[in-house]
Amino acid sequence: MRKPLAIIASAALALCLTGCSCEHESTTELTCTENKECKECGEVLEETTGHTLGTPFVSVNLEDATITEQSLCSVCEEYVVINSDEAASYVSDGKFIFGHSAFANGFDNASNGINGYIFRSEEDYSTSMGFYDDDNYIYYKIVDEDRNDATIGMYSFANRDGETLLARGGDDIKTINILIDGNEYVSPVVWAAVMAIDPALNYSDSMDVAQNIVDNVGNMDGVTFNSINYVLYEEGAYHYLTVSAI
């Protein structure tokens with residue numbers, strides 16, 4: 001009776017020495033984050049090597065005041081977050097670190113409900129604008145949703161060389177130029193701009209900074225706060241707010 005047991009033990013030992021007898025016909029896919037494994041026995045057939053990351057880049061969310069460093073994997077084309085922190089400032093090396101569309105979203109979110117207004121930014125093109133020529137410059141008009149989407153102003157961007165930022169170019173923003181049509185819109189537009197681009201300010205502090213800017217209309221030295229200079233001046237029926245990173 002002991003011989004069959006010995007035979008079984010020998011066979012088991014042989015299997016252990018020769019490896020798993022599974023033919024691994026059904027396997028998982030090898031990805032940047034998951035090993036290739038046999039679905040039947042669970043053996044790892046090929047180990048993942050991880051993401052193949054390109055040059056890191058920074059993205060800014062003005063709504064929740066975060067700065068995220070991430071990179072695109074050239075294999076799976078997934079954006080991989082390297083680091084994400086709360087923002088203390090959106091200014092770095094004399095420029096704003098957000099793009100024009102991020103400012104548009106941040107401005108709209110900030111303006112929702114300020115002084116009872118709801119503004120919306122719309123990227124547009126018009127050769128009739130004063131600081132706007134026939135090139136394809138980035139330009140947004142500001143509309144008042146509570147007043148049948150009436151256009152109450154506009155803004156554009158300039159890069160560090162002082163030239164207007166091209167829509168097909170980058171987001172190397174040095175200055176934001178905001179035109180405000182009508183005295184009633186000056187305070188809420190200025191306040192929304194301040195809230196959108198300065199994460200260090202809470203709601204009431206941003207209101208104080210905005211009021212200081214409005215009180216200094218015509219002062220070409222402007223108001224400087226948190227590495228940002230605000231100059232507000234009036235010309236005829238329009239107010240102009242120039243916001244520059246320093």
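Reply: Gladly! Strand S4 (residues 66-72) and S5 run antiparallel and are joined by seven bridges. This is a predicted model, in which local features need pLDDT of at least 70 and side-chain atom pairs count only at pLDDT 80 or more, while totals for chains, interfaces and linings use all residues. Residues are numbered from 1 along each chain as its sequence is written, and side-chain values use heavy atoms, with hydrogens and water left out.

Me: What makes S4 and S5 a pair?

Reply: Two strands pair if DSSP finds at least two bridges between them, and S4 and S5 have seven bridges, so they count as a pair. Ser-71, for example, stands opposite Val-80 in S5. The strands themselves are DSSP runs (E, at least two residues), as helices are (H or I, at least four), numbered from the N terminus.

Me: Why are S3 and S5 said to stand at the edges?

Reply: The open sheet of three strands has the order S3-S4-S5, with antiparallel pairing. Strand S3 (57-61) and S5 each have a single partner strand, so one side of each is left without a neighbour in the sheet. The twist averages 25° from one strand to the next; such angles run from 0 to 180 degrees between N-to-C directions, with axes fitted to C-alpha atoms, for helices over the stretch in contact.

Me: Which strands stand at the edges of the sheet of seven?

Reply: That open sheet has the order S8-S9-S10-S11-S14-S13-S12, with antiparallel pairing. Neighbouring strands here are turned by 20° against each other on average, direction ignored.

Me: How do you know that S11 has its partners?

Reply: By the bridges. Strand S10 (residues 150-159) and strand S11 (residues 173-181) pair in the antiparallel sense over seven bridges, with Ser-156 opposite Asn-177. S11 and S14 also pair over seven bridges, again antiparallel, and Leu-179 has Tyr-240 in S14 as its bridge partner.

Me: What joins S13 to S14?

Reply: Eight bridges join these antiparallel strands, and Val-231 has Thr-242 in S14 as its bridge partner. Their hairpin has two residues between the strands, and Gly-236 takes a positive phi near 65° there.

Me: Why is the link between Lys-95 and Asp-172 called a salt bridge?

Reply: The term asks for a side-chain nitrogen of Lys or Arg within 4 Å of a carboxyl oxygen of Asp or Glu. Lys-95 and Asp-172 meet at 3.4 Å, N to O, so the pair qualifies. Lys-95 lies in strand S7 (residues 95-96) and Asp-172 in the loop between S10 and S11, so the pair ties together parts that are 77 residues apart in sequence. The structure holds six salt bridges.

Me: How do you know where to trust the model?

Reply: Look at pLDDT, the predictor's confidence in each residue, from 0 to 100. The protein chain has a mean of 84, and 84% of its residues reach 70 or more. Confidence is lowest in helix H1 (residues 2-18), at a mean of 48, and highest in S13, at 97. Over residues 11-18 the pLDDT is below 50, and this stretch has one contact (heavy atoms within 4.5 Å) beyond near neighbours in sequence. Where pLDDT is low, the predicted coordinates should not be read in detail.
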